[in-house]
Amino acid sequence: MACKNNRVVKQIIHLYDQISKLESLKPSKNVDTLFGQLVSTCLPTDTNIDVTKMSEEVKDMRSNLIKLCGEAEGYLEQHFSTILGSLLQEDQNPLDHLNIFPYYNNYLKLGKLEFNLLSQHSSHVPSKIAFVGSGPMPLTSIVLAKFHLPNTTFHNFDIDSHANALASSLVSRDPDLSKRMIFHTTDVLNATEGLDQYDVVFLAALVGMDKEAKVKAIEHLEKHMALGAVLMLRSAHALRAFLYPIVDSSDLKGFQLLTIFHPTDDVVNSVVIARKLGGSTIRRSR
């Protein structure tokens with residue numbers, strides 16, 4: 001059983017202690033350095049560490065660390081979305097400068113991975129995709145729309161009106177995406193209508209930052225998604241589970257699990273694909 005005496009776990013705990021004492025999680029040299037060290041420490045996948053079998057003390061630390069990571073990620077996206085949306089000349093397209101975002105290449109890789117996995121399990125190109133928890137910098141929607149799904153409309157849902165305003169500003173000067181990216185300020189997890197319009201629903205990693213909240217979100221989507229529609233989720237594996245919540249097959253009641261893919265490169269998130277039971281629009285690969 002892995003415990004807090006493990007060398008890598010001790011290093012993560014040490015970084016957590018430093019991060020938890022920061023006055024602010026907004027981007028700064030110190031914040032960027034600490035989270036950079038944390039991500040690097042958690043990237044290796046050749047480990048037998050299972051976070052679900054650790055001591056309660058380490059589990060509590062992990063839960064708190066995931067929330068701190070989510071908060072810091074939100075500030076980071078807000079920071080760069082603001083820069084891209086406001087500091088460029090009017091005749092420039094902010095989407096041409098996304099590479100200033102430090103994790104843009106990761107999103108390119110993740111977008112390609114998710115498109116390839118979706119294509120393996122789908123019998124048609126989705127006409128409408130919903131992204132729940134799109135945030136101030138909806139890079140998944142942007143990457144998929146720009147490079148992989150040129151005829152698909154993306155409906156981005158976020159509870160934060162300021163996040164949506166920043167996100168909308170990002171795509172407003174793009175002649176294509178400004179027409180195919182739609183933003184809704186609403187709590188989808190309180191909505192009972194409309195989710196059945198989408199072929200595919202993405203649930204962001206930062207929606208449901210603990211197991212109970214994640215399962216509650218999945219249960220709500222299961223009630224209101226169309227039969228046969230696809231649910232795409234982000235999970236985490238091995239040490240990466242100190243950064244993001246884990247989605248297990250047991251969390252997907254009412255869905256048929258199609259695949260769970262664990263990257264071994266610098267793409268941190270695992271990808272989970274499931275189909276709402278009762279439909280036949282998705283084919284399971286052999």
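## Ala238 and its loop

The loop between strand 5 and strand 6 contains Ala238. The structure is a predicted model. Although Ala238 is not a glycine, its phi is positive, at about 55°. Ala238 has a relative accessible area of 11% and is therefore classed as buried, the cut-off being under 20%.

Seven strands make up an open sheet with mixed pairing, and their order is 3-2-1-4-5-7-6. Strand 3 (181–185) and strand 6 (255–261) are the edge strands, each of them pairing on one side only. From one strand to the next, the twist averages 20°.

Strand 1 (residues 128–132) runs parallel to strand 2 (residues 153–158), and the two pair over five bridges. Within this pairing, Ile129 has Phe154 of strand 2 as its bridge partner, and Val132 stands opposite Phe157 in strand 2. Five of the six residues of strand 2 are buried, so this strand is largely enclosed by the rest of the structure.

## Helices packed on the sheet

Helix 5 packs on the sheet and touches strand 1, strand 2, strand 3, strand 4 (200–203) and strand 5 (230–235). The direction of helix 5 makes about 180° with that of strand 2.

Helix 8 (residues 211–224) also packs on the sheet, where it touches strand 4, strand 5, strand 6 and strand 7 (270–276). The direction of helix 8 makes about 165° with that of strand 4.

## Helix 4 and its surroundings

Helix 4 has 18 residues, which at 1.5 Å a residue should span 26 Å; the end C-alpha atoms are 26 Å apart, in agreement with that expectation. The buried residues of helix 4 are Tyr104, Asn106, Tyr107, Leu110, Gly111, Leu113, Glu114, Leu117, Leu118 and His121. These buried residues pack against helix 3 (56–86), helix 5, strand 4, strand 5, strand 6 and strand 7. In an α-helix there are 3.6 residues a turn, so residues three or four places apart point the same way.

## The crossing of helix 4 and helix 5

Helix 4 (residues 104–121) packs against helix 5 (residues 139–148) at an angle of about 65°, and their axes are 9 Å apart. The crossing of these two helices is right-handed. Helix 4 contributes Tyr104, Tyr107, Leu108, Gly111, Lys112, Glu114 and Phe115 to the contact, while helix 5 contributes Leu139, Thr140, Val143, Leu144, Phe147 and His148. By type, the residues of this contact divide into eight nonpolar, three polar and two charged.

Pro150 is located in the loop between helix 5 and strand 2. Apart from its neighbours within four places in sequence, Pro150 is in contact with Ala145 and Arg180. Pro150 and Arg180 are 30 residues apart along the chain, and their C-alpha atoms are separated by 9.0 Å.

Glu71 belongs to helix 3 and counts as partly exposed, at 39% relative accessibility.

Definitions and conventions: Residues are numbered from 1 along each chain as its sequence is written. This is a predicted model: local features need pLDDT of at least 70, side-chain atom pairs count only at pLDDT 80 or more; totals for chains, interfaces and linings use all residues. Side-chain values use heavy atoms; hydrogens and water are left out. Axes are lines fitted to C-alpha atoms, for helices over the stretch in contact, and angles run from 0 to 180 degrees between N-to-C directions. Helices (H or I, at least four residues) and strands (E, at least two) are DSSP runs, numbered from the N terminus. A crossing is left-handed if the near helix is turned anticlockwise from the far one by less than a right angle, and right-handed if clockwise. Contact means heavy atoms within 4.5 Å. Ala, Val, Leu, Ile, Met, Phe, Trp, Tyr, Cys and Pro count as nonpolar, Asp, Glu, Lys and Arg as charged, and the others, Gly among them, as polar. Two strands pair if DSSP finds at least two bridges between them. The expected span of a helix is 1.5 Å times one less than its number of residues. Buried means under 20% relative accessible area, exposed over 50%, partly exposed in between (1.4 Å probe, protein chains only).
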